[in-house]
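I opened the notebook to look up a few local features. Here is what I went through, in the order I checked things.

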Amino acid sequence: MPAVSKGDGMRGLAVFISDIRNCKSKEAEIKRINKELANIRSKFKGDKALDGYSKKKYVCKLLFIFLLGHDIDFGHMEAVNLLSSNRYTEKQIGYLFISVLVNSNSELIRLVNNAVKNDLGSRNPTFTGLALHCIANVGSREMAEAFAGEIPKILVAGDAMDSVKQSAALCLLRLHRTSPDLVPMGDWTSRVVHLLNDQHLVVTSASTDLQDYTYYFVPAPWLSVKLLRLLQCYPPPEDPAVRGRLTECLETILNKAQEPPKSKKVQHSNAKNAVLFEAISLIIHHDSEPNLLVRACNQLGQFLQHRETNLRYLALESMCTLASSEFSHEAVKTHIETVINALKTERDVSVRQRAVDLLYAMCDRSNAQQIVAEMLSYLETADYSIREEIVLKVAILAEKYAVDYTWYVDTILNLIRIAGDYVSEEVWYRVIQIVVNRDDVQGYAAKTVFEALQAPACHENLVKVGGYILGEFGNLIAGDPRSSPLTQFHLLHSKFHLCSVPTRALLLSTYIKFVNLFPEVKGTIQDVLRSDSQLKNADVELQQRAVEYLRLSTVASTDILATVLEEMPPFPERESSILAKLKKKKGPSTVTDLEEAKRERSADVNGGPEPAPASASAASTPSPSADLLGLGAAPPVPTGPPPSSGGLLVDVFSDSPSAVAPLAPGSEDNFARFVCKNNGVLFENQLLQIGLKSEFRQNLGRMFIFYGNKTSTQFLSFTPTLICSDDLQANLSLQTKPVDPTVDGGAQVQQAVNIECVSDFTEAPVLNIQFRYGGTFQNVSVKLPITLNKFFQPTEMASQDFFQRWKQLSKCTDSRCGRVEKPSLRDCVNCFRNSFNQQGRRVRLLCLRFSSSPLSSSLPCRKCTPCVVLQPRVPPSPASLASSLVGMDGSLCAVEEEEAQPGPSRPAKSGGEGRGSRD
């Protein structure tokens with residue numbers, strides 16, 4: 001850098017800075033700054049012949065004022081003019097002002113680019129360096145577009161000075177990070193790599209003896225660290241010779257770390273440990289040498305009790321990453337007691353936080369209860385800044401590794417008791433989702449939350465959980481006199497006045513649920529809803545709920561109440577909202593990588609049990625009802641085979657061919673068994689088991705498909721697809737949730753399918769599963785048991801009514817006709833077509849189980865107008881109605897008449913192809 005002459009001292013700037021420092025108050029400082037701004041503005045406007053020194057001095061003053069926190073709205077053009085100066089100090093101040101104050105979207109950026117371009121082509125290396133610094137500091141996309149092609153030329157120029165090359169390299173790195181699509185690295189990569197041999201760059205020549213430079217007995221530590229960090233940008237070498245040499249180098253570094261220190265000075269240990277930790281980072285990055293990973297874990301374990309805080313911190317941080325490797329996970333678990341002790345005794349809060357992260361990373365089914373208990377214990381005294389994160393991690397671990405869900409309920413309630421203020425809505429939402437979805441834990445949850453609410457001081461989140469669970473499952477513990485319905489109500493209502501408005505609104509919903517569950521407390525609840533504190537509440541939401549719930553409990557019949565206030569349906573299964581919140585808090589990369597690594601870890605490493613058969617899965621099937629928590633289902637996924645993404649050769653050699661495999665042997669027999677049942681095993685072979693659990697209500701249905709991997713090898717590219725013909729797609733709407741493309745050995749995944757019957761149908765959708773097992777492509781197809789009878793609604797009737805309606809089916813009542821015929825398919829078709837189109841009635845098709853043989857009685861002859869009108873819940877075609885009347889496993893269809901609104905009917909087409917009009 002050129003020397004600064006005495007004339008460049010800028011005495012006026014020094015006086016101004018001194019005046020500012022001597023100001024006794026903020027007002028005095030602002031007054032002095034405003035006076036100086038007025039002076040500078042007058043100089044820029046009035047004196048057209050202002051010399052470069054004066055411009056530089058005033059621009060420096062503006063820059064200092066800006067650094068004090070004041071806005072600068074003038075002087076930019078004068079700074080741009082300084083860029084064209086031939087004096088180094090003036091050009092330097094101009095570039096400094098531009099780098100700090102000029103926005104990348106400024107109108108002056110074009111003028112700046114012109115000046116930068118001139119300096120890049122200058123033969124003065126100092127001016128070139130200033131231009132490169134400006135480009136790197138601004139780093140805008142406009143500058144990347146203008147100079148991304150010029151900087152690599154400077155970097156590889158043979159006559160460029162070493163300092164210019166270094167500046168060009170750093171500038172190019174900056175542009176590559178901000179606008180990687182504009183930097184032409186593909187053309188210059190090979191030439192840039194040769195710069196590693198430049199002896200004046202940070203990376204020295206390969207011919208230079210590295211032992212010639214040592215720093216406190218450590219050979220070239222900065223060089224070693226940069227080389228090891230550079231290798232982490234590339235995958236492991238495929239050449240066995242190169243891999244062997246790299247492994248030998250890493251083993252040497254680990255061996256050197258075990259040697260006694262050659263000096264007691266802190267510089268020696270710092271340099272030695274810097275190289276060691278960078279080598280461990282490279283070992284973790286490659287994740288391919290089990291021996292090195294275990295040795296690295298053991299080496300880090302020695303630092304967990306080191307007296308130096310920084311080393312303990314770095315060891316915990318590195319072991320968090322090691323815990324995600326299948327080769328070193330078990331080695332990390334051996335240090336669990338040391339990590340727990342660090343959590344209890346460590347003074348530095350940042351080190352304690354890393355200990356929490358490591359416990360979270362090393363957790364699996366074998367140690368989940370111990371780790372969760374220790375984290376709960378630490379939570380009572382934890383630093384306030386990390387309590388929310390610990391709460392999220394405890395909730396995730398308790399859910400993920402819960403073998404007994406009663407333990408999960410106890411853990412979450414204890415979590416709310418200890419750190420209720422830090423328990424977010426996602427946590428208590430999730431515990432309610434799990435309790436609602438698991439029948440085996442609902443009674444225990446109701447009992448446990450009832451006991452927890454009896455404490456004199458309960459956190460509001462506990463009241464929310466208690467109100468929801470008792471409102472849904474309070475009847476499961478109502479048989480005990482200690483938890484009678486009235487006792488449950490009084491316990492919840494005693495917390496009412498202490499809660500916020502949203503919690504009070506939830507409790508009002510619980511009260512109206514009690515009216516349905518426990519009619520004996522109806523009067524007591526109505527008195528509460530009728531009170532002035534509710535009907536005249538200042539909050540509109542509470543007032544509206546009180547009025548509507550009171551009216552509903554007064555005028556609605558028992559059946560209507562039971563329908564409106566029925567038990568909440570199970571929630572759709574999807575990614576835990578708690579995990580999503582943790583990802584948002586910690587940043588997506590850290591948590592996502594850890595969770596992906598845990599998911600990829602085999603069942604043996606996790607210590608997980610063998611999965612239950614698909615038919616015995618405890619997951620329930622939700623019915624299409626409202627979700628009071630606002631946690632809706634996943635968005636619909638198009639059904640049908642995926643379109644081909646390439647030409648003929650791609651289709652032939654792809655892993656997922658478009659051709660669907662024929663139906664698996666034996667699948668037809670299993671399909672027939674599902675006509676009259678909803679749950680069970682649909683298909684099973686030596687690799688795969690497919691189980692179903694479904695529920696249908698009116699024209700809607702919900703089905704869970706469970707895919708079980710019966711082997712110890714992963715299924716890769718696992719892709720289940722629902723395939724429907726064009727006619728079936730028009731009559732049956734299917735919405736599926738995607739599944740994980742990787743199914744671990746011995747694991748089970750589930751897929752939710754939402755079903756809506758739009759019109760009658762006779763076909764069934766085909767479920768096609770494609771995956772790779774041991775390098776072999778597998779393709780399985782089965783028929784999914786979704787049939788029309790699933791959408792029929794049963795009814796009950798007295799025997800007298802039944803036989804009366806049966807007789808109406810058995811003979812013709814037209815006085816002009818005495819014929820009685822045995823029914824045929826055409827008879828049924830004509831019967832439905834004529835009756836549906838000629839009479840203004842709406843009726844409902846009712847399916848009744850009948851123990852005798854299929855329908856063999858007589859129907860009215862085809863010349864008569866039938867006396868019975870048929871209207872299924874989903875308007876059917878004549879052919880499908882006839883097949884359902886005469887075919888299904890001994891089932892009998894009867895009819896029930898209802899008066900309907902008069903409306904136009906569409907005339908039937910010839911040949912029995914007509915379709916009745918909807919209501």
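I looked up Phe66 and found it partly exposed, with a relative accessible area of 30% (buried means under 20%, exposed over 50%, partly exposed in between, with a 1.4 Å probe and protein chains only). The model is predicted: local features need pLDDT of at least 70, side-chain atom pairs count only at pLDDT 80 or more, and totals for chains, interfaces and linings use all residues. Residues are numbered from 1 along each chain as its sequence is written, and side-chain values use heavy atoms, leaving out hydrogens and water.

I placed Phe66 in helix H3 (helices are DSSP runs of H or I with at least four residues, strands are E runs of at least two, numbered from the N terminus).

Next I went to Asn273, which sits in helix H14, residues 266–286. Asn273 is buried, its relative accessible area being 13%. Setting aside neighbours within four places in sequence, I found Asn273 in contact with Phe303 and Leu311 (contact means heavy atoms within 4.5 Å).

Then I turned to the sheet. I noted an open sheet of five strands in the order E3-E4-E5-E8-E7, with antiparallel pairing (two strands pair if DSSP finds at least two bridges between them). Its edge strands are E3 (680–684) and E7 (732–736), each pairing on one side only.

Which strand do five bridges join to E7? I found strand E8, residues 748–757, running antiparallel to E7. In E8, Ile755 stands opposite Leu734.
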